[in-house]
Amino acid sequence: MDQLSAQTRISDAAVRSAIEHLRAEHGEYEMPANTADQWELHLYYGSLSATLDGDAMLVRVAATDETCLSYMKMTVAGHVAQRLGTASGLRWQGDGRDGGTPVFFREITVVSSAPISPHMQRLRFHGDDLGRFAHGGMHMRLLLPPSGRPAAWPVMGADGLIVWPGGDDALVVRAYTIRAIDVEGGWLDVDFVLHPGQDTPAAAFAQNARAGDVIGMIGPGGGEAPKARSVLLVGDDTALPAIARVLEDLPRSARAQALIEVDSPDDRIALPQAANIGVSWLYRQGREAGTAGLLPKALREQSHMALGEDLYVWAGCEFADFREIRKIVRKEWGLPRDRHMVTAYWRRGVQGENGAGEE
Ligand SMILES: Cc1cc2nc3c(=O)[nH]c(=O)nc-3n(C[C@H](O)[C@H](O)[C@H](O)COP(=O)(O)OP(=O)(O)OC[C@H]3O[C@@H](n4cnc5c(N)ncnc54)[C@H](O)[C@@H]3O)c2cc1C
């Protein structure tokens, strides 16, 4: 497949050392022919290589499309910024946009809003040029502008990082799943949990959304449906859109078992029914979300040996359940990293993705 690439030459010793640190953190992705002076990593969105040239280091990223290339630049720049507080020493040359609207950003407009269960609201959004959001990740981040002000959207910095609007223009950013998408028709659906809480920008947006409301979206990301002969899906209401997508796309040759926690039987939504799909609904019955511990309990009652040889466990839920599920899957069942993806979709008492975690 054709590759796009971009490179940056680094003379600053601190930036070079940050890149070496990135290499060390991703040791498992090193290519066999790597040396101290020339190395290459193959990461999820593309490759990253470095060549020492005297006192300088030439860093090159390559990927199959502009979105992935941008993500690769962000991986490098984000790591440098995390170590040094800034990535301003990086200047990319080659393919991809520098400055202006990020290639992975779209403005989307509410078309309709309807409840699909007592605690779940489905919003349909119109958007242009949605093709890239139909593959390469089921999730994206919604960008919610402050109400009553014209939206100011992010732009790309020359270092490869997003420059976010600040002050009164600051955006609220929340991760959501693309429940359904029709590229030709120019629309996508997002199912929002209408959860309780004091200050809940995304849930409140979904509750009050009107046709014509404009928000932003960046993505896609966060992985695709697990590919295995036996898939165990574990999640609360927030993971229900992703679980529904995985079940809809499940090949006939695979089988899936889903453990889903919602408040009550009224919160069930229609899911695909087939001989190779089993769904168990677990009910909190008025207990606060994230406190009932139903998912880890149900997981412990499963025998992973009985679930089949080629088992993949996928889970999305509140942080406490996430930690317990990860423990069961990794320590008690001994599943290797490439056989599970366990993600905290939210954390009690914490806003947005602060405190959320993966794997
Ligand atoms: C990859 C990914 C995909 C996701 N997909 C979806 C999706 O498709 N649909 C969906 O509804 N959510 C989804 N989520 C979860 C969603 O991002 C969080 O629930 C988010 O915190 C909601 O933002 P908010 O502005 O409403 O509340 P926040 O401002 O983030 O939080 C305010 C308060 O509400 C609490 N809170 C947040 N979520 C919940 C909840 N579900 N139940 C009870 N209390 C809560 C917080 O702990 C906090 O105390 C996803 C998360 C991830 C990481």
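This is a predicted model: local features need pLDDT of at least 70, side-chain atom pairs count only at pLDDT 80 or more; totals for chains, interfaces and linings use all residues.
Next I followed the chain onward. From β15 it passes through helix α4, residues 240-248, and on to β16. I noted this β-α-β crossover as right-handed.

Then I looked up the pairing. Strand β16 covers residues 255-262 and pairs with β15 in the parallel sense. I recorded seven bridges for that pair. Leu-232 has Gln-257 as its bridge partner in β16.

β15 also pairs with strand β18, residues 311-318. These two run parallel as well, joined by six bridges. Here I found Ser-230 bridged to Leu-311 in β18.

I moved to the ligand. Which residues come nearest to it? Of the 28 residues around the ligand, they are Thr-177, Val-193, His-195, Gly-197 and Ala-202. I then checked which elements give two or more residues to this shell: β11 (172-177), β13 (187-193), α3 (201-208) and β19 (340-346). The largest share, four residues, comes from β11.

I sorted the shell by residue type. It holds 13 nonpolar, 10 polar and five charged residues.

Last, I asked why the ligand lies between domain 2 and domain 3. Domain 2 (105-221) and domain 3 (230-346) both give residues to the shell, so the ligand lies between them.

Technical notes:
Residues are numbered from 1 along each chain as its sequence is written. A residue is near a molecule or strand if its C-beta atom, placed from the backbone, lies within 6 Å of it. Ala, Val, Leu, Ile, Met, Phe, Trp, Tyr, Cys and Pro count as nonpolar, Asp, Glu, Lys and Arg as charged, and the others, Gly among them, as polar. Domain bounds come from an automatic or database domain assignment. Two strands pair if DSSP finds at least two bridges between them. A crossover is right-handed if, with the strands pointing away from the viewer, the path from the first strand over the helix to the second runs clockwise.
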